[in-house]
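Please open the structure in your viewer and keep the selection tool at hand, as this tour moves from one stop to the next and says at each stop what to select and what is there.

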Amino acid sequence: MTNVANFEEHSHTEDKKPSVRAKIQAVGGFLTNMVLPNIGAFIAWGILTALFIPTGWIPNEQLGEIVGPAITYLLPLLLAYTGGRMVAGQRGAVMGAIGAIGLIVGSDIPMFLGAMIIGPLGGYVIKKFDQLIENRIPAGFEMIVNNFSIGILGFGLMIVSYLFIGPVIENVNDAMTSAIQALVQTGFLPLLSLVNEPAKVLFLNNVIDQGIYYPLGMQDTLDAGKSIFFTVASNPGPGLGLLLAFTLFGTKVARRTAPGAIVIHFLGGIHELYFPYVLMKPLTIIGMIAGGMSGIAVFSFFDAGLVAGPSPGSIFAYLALTPRGNFLGIISGVLVAAAVTFAVTSVILKLDKNTGDEADLTSSIAKSKSMKAEGKQLMNFSADASTTQEISKISFACDAGAGSSALGATTFRKKLQKKGISNIEVKHYRIEDVPESSDIIVVHKNLSDRARMAHGDKKIITIESYLNDPSLDELLDQLSKD
């Protein structure tokens, strides 16, 4: 074990309420973790579509018959099952699937949005019922109560879904589809970048992708064999252009870290790596918006799209999910987006440098104050034995628990190993899945409110970069001394 003094997060107060952004991030994280375990099924369906539909690589009428049932039944049921399981375990999963079949049969469209609602709702219903009857079931009657409770409540949810919830969701879905299709028809689809790019750097990327564009894209793909909706928020081009600009024209620290971030972002598909660079220079969001709009415009010009949602948003995933005849449009959209973002961001960075030493000094002072305040969150490194605590588990957390947090945990674990520290467990999780056994939680500062919502009693370190951050360096130094 390693002894470390008591740690208090500098910005944590008992009465601080979670921000609206943190609540939205929590919703987005929930949607992400409903979709993420089933991405393989979505990709399998995308490959099936790309190969065997009439416009596919090797059209096959017999095998193509799987496409419709898979998107109508398999994928929504998987989403509902997973959502219910997240809320109430296996019983919630069964309830979610039962409710989803009512939606599916009662509607004329693939019920992705409905599945994302009815799955967790089914889990919530059975969870509340189980809490209500807890410790009230006579011995020997547990199995009959458990089985019949799901049967009766599931029956009711299935009927309600078929008669009421399904039609409402279908109308909402039709309205959303009509609004976005109007943007497509009028040529204004690139305007979505005005919302997409700022939302992404505020860690709301999963809300818009998994919650909006992926469901719309799946419906579009069923009719056309591809969809541009899969590209409007996942294009790796703008992030590439931004990081290239920081590599050439950024500060000394940015020039040192941006090349590594390029590899992880563009090839690995972890877009969260470029978010801190935008937050460091907020004006660069203009370059991201310009690049995003340019990419969408090129995709639209070539009538290009993907057959499934690229997750992660790597260039490899883009190429793997590109249908026949769309490679020119997809590659051009990515490259143009990167070029435009690079050009605009480069100008912004150059002008920023020309503001002189005073601006640099002001920035350095502000950064120092921020680092000093964040330093308090690490620990009060006093020698008082009554305040010391043994550290055996450090958890890195992010939105989905599979991208930036995994990178951060791996990097920090290797640093501990180099210091000869092997008795501290370092793992990565989705914020809401961080185990109670964690002694310290490391999370990006833009997700700190959400982390407090889920783990208000835990010690939280907020960082700006998962690769190189002063707070992590300070923690490493202290762990090495003890």
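**Two helices side by side**

Begin by selecting helix α2 (residues 39–52) and helix α4 (residues 67–105), whose axes come within 10 Å and cross at roughly 170 degrees. Axes here are lines fitted to C-alpha atoms, for helices over the stretch in contact, and angles run from 0 to 180 degrees between N-to-C directions; the helices (H or I, at least four residues) and strands (E, at least two) are DSSP runs, numbered from the N terminus. Angles under 35 degrees count as roughly parallel, over 145 as roughly antiparallel, 65 to 115 as roughly perpendicular and the rest as oblique, and α2 and α4 are therefore roughly antiparallel to each other. To see their contact (heavy atoms within 4.5 Å), show Ala 41, Phe 42, Trp 45, Leu 48 and Thr 49 of α2 together with Val 67, Ala 70, Ile 71, Leu 75, Leu 78 and Leu 79 of α4. Sorted by class, this contact of α2 with α4 has 10 nonpolar residues, one polar and no charged, where Ala, Val, Leu, Ile, Met, Phe, Trp, Tyr, Cys and Pro count as nonpolar, Asp, Glu, Lys and Arg as charged, and the others, Gly among them, as polar.

Before going further, please note that this is a predicted model, in which local features need pLDDT of at least 70 and side-chain atom pairs count only at pLDDT 80 or more, while totals for chains, interfaces and linings use all residues. Residues are numbered from 1 along each chain as its sequence is written, and side-chain values use heavy atoms, with hydrogens and water left out.

**Into the core**

Next, select Met 218, Tyr 274 and Tyr 277, which touch the most other members of the largest nonpolar core, a group of 80 residues. A nonpolar core is a set of buried Ala, Val, Leu, Ile, Met, Phe, Trp, Tyr and Cys residues joined through side-chain atoms within 4.5 Å, and buried means under 20% relative accessible area, exposed over 50% and partly exposed in between (1.4 Å probe, protein chains only). Helix α4 gives the largest share of this core, 10 residues. Another core, of 19 residues, lies apart from it, and Ile 391, Leu 416, Ile 440 and Leu 472 are among its members.

Which residues is Met 218 in contact with, leaving aside its neighbours within four places in sequence? They are Phe 42, Trp 45, Ile 71, Leu 75, Phe 112 and Phe 230.

**A second pair, and a loop**

Now move to helix α8 (residues 237–249) and helix α11 (residues 285–301), which pack at an angle of about 140 degrees with their axes 8 Å apart, and are therefore oblique to each other. Their contact is made by Pro 238, Gly 239 and Leu 242 of α8 and by Met 288, Gly 291 and Gly 292 of α11.

From there, find Asp 303 in the loop between α11 and α12 (315–320). Its phi is near 55 degrees, a positive value in a residue other than glycine. Asp 303 is exposed, with a relative accessible area of 53%.

**The last pair**

Finish with helix α15 (residues 404–418) and helix α17 (residues 470–481), which pack at an angle of about 30 degrees with their axes 11 Å apart, and are therefore roughly parallel to each other. Here Phe 412, Lys 415 and Leu 416 of α15 meet Leu 472, Asp 473, Leu 475, Leu 476 and Leu 479 of α17.
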